Amino acid sequence: MADVYSKTKRLEIMSKIKGKHTSPEIRLALLLKELGLVTQHRKDLLGRRPDAVLSRGKIVLFVNGCFWHGHKNCSRASLPSTNGIFWQTKIEKI
Ligand SMILES: [Zn+2]
């Protein structure tokens, strides 16, 4: 199925999607703080940037939703109607 938006409109829509400080990330940060766990902001780690790094151990946390986990039969994990092969390949790499 073709995209219902023009390429320009799709780019505009996609650019508004937040990449950090999302609601689940904020909830995780508040929970960790409530538990008394100290987190660090680390930009020097190789690979994907974790959402939280616990400073007392070598523990990193990632907040990924259904889409990035590619849940089978999950409405939140449906692939976009355009560039389906690109997204499928990307999700399988994670
Ligand atoms: Zn799911």
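**Fold and domain arrangement of the predicted model**

Ser-81 is located in the loop that connects helix H3 (66–69) with helix H4 (84–93). In this predicted model, Ser-81 has 10 other C-beta atoms within 10 Å and is therefore classed as exposed, the criterion being 12 or fewer. A separation of 66 residues in sequence lies between Ser-81 and Ser-15, whereas the C-alpha atoms of the two residues are 17 Å apart in space.

The protein chain comprises four helices and three strands, and these elements follow the order α-α-β-β-β-α-α from the N terminus. The radius of gyration of the protein chain is 16 Å, well over the value of 12 Å given by the globule rule for 94 residues, so the chain is more spread out than a compact globule. Along the principal axes, the C-alpha atoms of the protein chain fill a box of roughly 50 × 25 × 25 Å. Of the 94 residues, 1% count as buried. Considering contacts between residues at least 6 apart in sequence, 21% join residues at least 24 apart.

The three strands form an open sheet in the order S1-S2-S3, with antiparallel pairing. Strand S2 (residues 52–54) is joined to S3 by three bridges, and the two strands run antiparallel. Within this pairing, Val-53 has Val-60 of S3 as its bridge partner. Helix H2 (residues 23–34) lies across S1, S2 and S3, and the helix runs at about 20 degrees to S2.

At the level of domains, the protein chain is divided into domain 1 (1–63) and domain 2 (64–94). The C-alpha centres of domain 1 and domain 2 are separated by 17 Å. Five residues from domain 1 and four residues from domain 2 take part in the contact. On the side of domain 1 that touches domain 2, four residues are nonpolar and one is charged, with no polar residues.

Definitions and conventions: Residues are numbered from 1 along each chain as its sequence is written. This is a predicted model: local features need pLDDT of at least 70, side-chain atom pairs count only at pLDDT 80 or more; totals for chains, interfaces and linings use all residues. Domain bounds come from an automatic or database domain assignment. Two residues are in contact if their C-beta atoms, placed from the backbone, lie within 7 Å. Ala, Val, Leu, Ile, Met, Phe, Trp, Tyr, Cys and Pro count as nonpolar, Asp, Glu, Lys and Arg as charged, and the others, Gly among them, as polar. Two strands pair if DSSP finds at least two bridges between them. Axes are lines fitted to C-alpha atoms, for helices over the stretch in contact, and angles run from 0 to 180 degrees between N-to-C directions. The radius of gyration is taken over C-alpha atoms; the globule rule is 2.2 Å times the number of residues to the power 0.38. A residue is buried if 20 or more other C-beta atoms lie within 10 Å of its own, exposed if 12 or fewer, and partly exposed in between; C-beta atoms are placed from the backbone.
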